[in-house]
Amino acid sequence: MHKQKAMFFFLLQTEYGDIFKVTLDHDNDHVTELKIKYFDTIPVTASMCVLKSGHLFAASEFGNHALYQFQGIGDDADVESSSATLMETEEGFQPVFFQPRRLKNLLRIDQVESLMPIMDMKVINLFEEETPQIFTLCGRGPRSSLRILRPGLAISEMAVSELPGVPSAVWTVKKNVNDEFDAYIVVSFSNATLVLSIGETVEEVSDSGFLDTTPSLAVSLIGDDSLMQVHPNGIRHIREDGRINEWRTPGKRTIAKVGSNRLQVVIALSGGEIVYFEVDATGQLIEVDKHEMSGDVACLDIAPVPEGRQRSRFLAVGSYDNTIRILSLDPEDGMQILSVQSVSSAPESLLFLEVLASVGGEDGADHPASLFLNAGLQNGVLFRTVVDMVTGQLSDSRSRFLGLRAPKLFSIVVRGKSAMLCLSSRPWLGYIHQGHFLLTPLSYETLEYAASFASDQCAEGVVAVAGDALRVFTIERLGETFNETVIPLRYTPRKFVLQPKRKLLVIIESDQGAFTAEEREAAKKECFEAAGISENENGNVEPMENGGDEDKDDPLSDEHYGYPKAESDKWVSCIRVLDPKTASTTCLLELQENEAAFSICTVNFHDKEYGTLLAVGTAKGLQFWPKRSVAAGFIHIYRFIEDGRSLELLHKTQVEGVPTALCQFQGRLLAGIGNVLRLYDLGKRRLLRKCENKLFPSSIVSIHTYRDRIYVGDIQESFHYCKYRRDENQLYIFADDSVPRWLTASYHIDFDTMAGADKFGNIYFVRLPQDVSDEIEEDPTGGKIKWEQGKLNGAPNKVDEIVQFHIGDVITCLQKASLIPGGGECLLYGTVMGSLGALLAFTSRDDVDFFSHLEMYMRQEHPPLCGRDHMAYRSAYFPVKDVIDGDLCEQFPTLPLDLQRKIADELDRTPGEILKKLEEVRNKII
C-alpha cells in the first residue's frame, strides 16, 4: 500500500507477474466503489515495498531482485474495471481482458544479484586459473541460468590502448594539490619516458617539463603545485611557473629506489646510501640528511603526512638481508633506527597504509586511527604489521600468500579512502569494508604496475600496464566475495555433470505445466499476426534461451513476462551440452512425448566399445496431484559424438518408476527407482538387470559409491550403507540411521562418513563406528552381513551422528573443495535462498577451545536482534553438535570497543589477537 496526504492506493500482483493498481472511492468510512487498473508487468515477486523516495523494491520469488523507479502512478488511460460497472452473467462475473505491454509506469534502475534457488553446484577448475570456479545452476523457468562464480571483485574495463614498446611503470599526477582530476599519465620505458595529457582525449605532450630521454623511477606531485620526476641520474623538480631545478647524483652512482609523500622524498643510491629531502616553506626541495645502510636497499616507503603536520616521522627500508627497518625522519633524531622486523624472504615492495579514525561511520564500526606497514616479499607473501604512531614499534604482524610472483604494492583510492593494490600473479585489493580489512583478488589478468586514476569520465579508476598495453579500469561492487558470469538456460535446471575429457558440462532441464520452445514461438507468432505486428519488429524469432535483460526489440521477453502456463500434467525437458569457456551450447536435445529428465550421470561400462556414456533418468506423464502417478520411467543411454560436443541416443530402457538417482559402480550402472536399488549392465538394445535390493523404506534420492561400498540416501529415512558381494551377486544393507531425515542433499566424505542435509534446514554428518566398519571389511564369507538380524525392521548396525547444525535454509547441494591454492578442503553448501556457505574442519584442539569460548561470550554479550536465543535457533530440530557458528564470531569486529575488550579479557587475549584468529580462519576458506 502507498499513501500520500491526499490519496492512497494498493498494488497487487498476480502469479503471472501482472501488477494491478487498486483504488477505493469512499465517503468518510463508507467505501462506495473499488477500481482496479492494469499497472505493469514485472517478474513474480515474494514481496513488494514502495519507498518514500518514489521507488519500488521487488523481492523476486526466483532470480535477481530489482529496484524500480516510478515514472507514473497509473493515471493514464488503461484497462480498468470497477465494482460499479461489473457485468454479472450466469457463469459468474464477466472477465476483463488486457494486453501485457512494456514497462510504462516503472523503470528498472538497479538489481541485486541473487542465486536463488541453487539447484546444483560443482567446484571445478575448468579454466585453469589459480583458484577453482564454482558452477551453480540457478533460477526457475524463464529466469534459469548457469552462473560461474569466481572468488574476487569484478572489473569494468574502460579503455585499453597499445603503447609503442613494453612499459615498465606508470604514474598519474595532478597539477595542483586541490585539483579533482589528474593532469598527466606518465609511462616509463627502458630508455624513455612518455607523458600523456588527460583531457577530453588522452594525447602525448612534450611541453610538460619532464625529461623524456631517460626512464623514470618515480613521478609525483610535490609541495602544493610542483611536479617531481626521479630518474637514475637525479631528481628533476618542475615548478608551477615552468622553472626546472635539477639535483644530480654524486660521481657515477645512480638512484636505485625512491620513496616519497607530498612533502618528503627519500632516495637510495646504489651501494646503500640514503639521501633525504624536504620541501621548505618556499616550495624548494632541499637536502636534509644522509645515511649509510649496511648493504643495498631493496625497497623504500615514507608514511603519509599526518593531518596538520609538516612531515611524516617514519621511513621504512627493506634490505636484502630479509629485514625491514623503521627509521625516524625527525630533525632531533635524524635517521635513527626505531625498530627492526625480520621477514621470511627479501622484501620487494613496501607501502604504508593509513586508516583514519571512524566513530559510528557509514560502516557502523568504531576504530581508532592506525598505520599499517605492508610488505610484498619475494616468495609471494604479503606481510602486514601495525606501526605504533608514537614510537614506531611494529606489532600484530600477519602474512598471507598471494601468488607466485613477489607482490608490488600501490596506493589507490577506493570510495574516497586510501586502499592498497597488490600485483602478484594476479591483482589483489586491500581495503576497509564495514570495519573489516578485506584482501580480495580481482578477476583480471596479471598486471605489472599500477596507479590510481581520476578524470571526469572515471572518478575512481586504476591505470595499469601489462605487456605492451595501457589499461584503465574501475573496480565494481566492493564487499562482494564472488563475481559471476551468467549463461541463460531454457527450463528449470535440475542437475549437471562434467564430461571429463573435453571439460564440457551436460545439464538436464525440465519444467512442469509449460509449453515447448517451438509451441511458444508458434503461439507468439500467431498473437503478433493477430495484433498486426510484423515479424521483423519482433526481432527474436528462432526459439532462443531467455536473454540477459529484456531485449529492446522484443515486446514480450520471456525473462520479464514468464512463460505461458499449460496443464499440470504437461512436462517439457531438454538435455544440453554446454562449453563453459565460450558460454555456447554445442548440443540441445528436447525430450519428446511428455518426458522429463530427473537424474543424470556419466558411466564407463566394462564393455569399452563406446568409452564414456551418459545415462539420463526420465519420467513420462508424472503427476503429483490428486495422487502421485507416473505413466512410465525410462533410462536413456547416450554416447558422446563430435569430440564430446554432441549426443547420440543408443537406446532407452523402460522401468517401473521414476529413476531419481543414477551412479556408476564397478563398470556398471546403479539406479535408484522408487524404493528399489538396481544394478544394470549395458546390452545391445537395452540395459540388462544384474541384481537388485527392494528393502529400502520409501524412495531413493541419492547414490554414492566408494570401492565396494554403496551409500544410499532415502528421501525420508537418511542414509543406508550397502555392500555388493560380487561372488554372490547380492546387495546387502549393513547399516542405517536411527533418525528419520528428509534428505535434500548428500555428499560422501570418507570411507565411513557421509554428510547430509534435510528439508528442515539442518546439516549433519553420520559416521559408521570404527569397530563395525572393520568387522564388515574383515568378514571373508559375508555371513555376518547375511544372517545378522536387523533392529526394528532396520539394518543390523546403526551409524552415529557426529555433527549437527541448523542452517535455517534448505540446502540443495553439497561439495567438498579447496577454494585457495594450497589450502585445505572445506565443505561448501548451496541453498534454496541462493546463499553459499562453507564448513571448515578444525585441525587443532586449541582452535576448538578458543572459538567455542568466543562463541559462548558472543551469545551472552551480543544476543540476536529479535531476542531469540542463539543456541535454541541453531538447535531448532536437533541439539547443535560440534559446530561453531562462524557468522556469529565474525560479528566481533562490529561490537563497540569496550565490549570487544571485555570479551578479549575473558579469553586472556587482546582484541587484535582475536581479529587475527578470525582472519586466519577466513583465509583458510577463501
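**Annotation and charged contacts**

Analyst: UniProt, in an unreviewed entry, lists residues 1–80 as "domain: RSE1/DDB1/CPSF1 first beta-propeller". UniProt positions follow the numbering used here, feature names are shortened, and annotations may be inferred rather than shown by experiment.

User: What kind of model is this, and how are residues numbered?

Analyst: This is a predicted model: local features need pLDDT of at least 70, side-chain atom pairs count only at pLDDT 80 or more, and totals for chains, interfaces and linings use all residues. Residues are numbered from 1 along each chain as its sequence is written, and side-chain values use heavy atoms, with hydrogens and water left out.

User: How much helix and strand is in residues 1–80?

Analyst: The span is 0% helix and 62% strand, and its end C-alpha atoms lie 19 Å apart. Helices (H or I, at least four residues) and strands (E, at least two) are DSSP runs, numbered from the N terminus.

User: New topic. How many salt bridges are there in the whole structure?

Analyst: A search finds 58, a salt bridge being a side-chain nitrogen of Lys or Arg within 4 Å of a carboxyl oxygen of Asp or Glu.

User: Tell me about lysine 652. What is its partner?

Analyst: Lysine 652 pairs with glutamate 595, with the closest N and O atoms 2.6 Å apart.

User: Is glutamate 595 buried or exposed?

Analyst: Glutamate 595 is buried, at 2% relative accessibility, while lysine 652 is partly exposed at 33%. Buried means under 20% relative accessible area, exposed over 50%, and partly exposed in between (1.4 Å probe, protein chains only).

User: And lysine 723, which residue does it meet?

Analyst: Lysine 723 meets glutamate 777 in a salt bridge (3.3 Å, N to O). Lysine 723 sits in strand 58 (residues 718–725) and glutamate 777 in helix 4 (residues 770–777), 54 residues apart. Lysine 723 is buried, with a relative accessible area of 6%, and glutamate 777 is partly exposed at 33%.

User: Last one: where is glutamate 788?

Analyst: Glutamate 788 is in the loop between helix 5 (783–787) and strand 63 (797–798), and is partly exposed at 34% relative accessibility.
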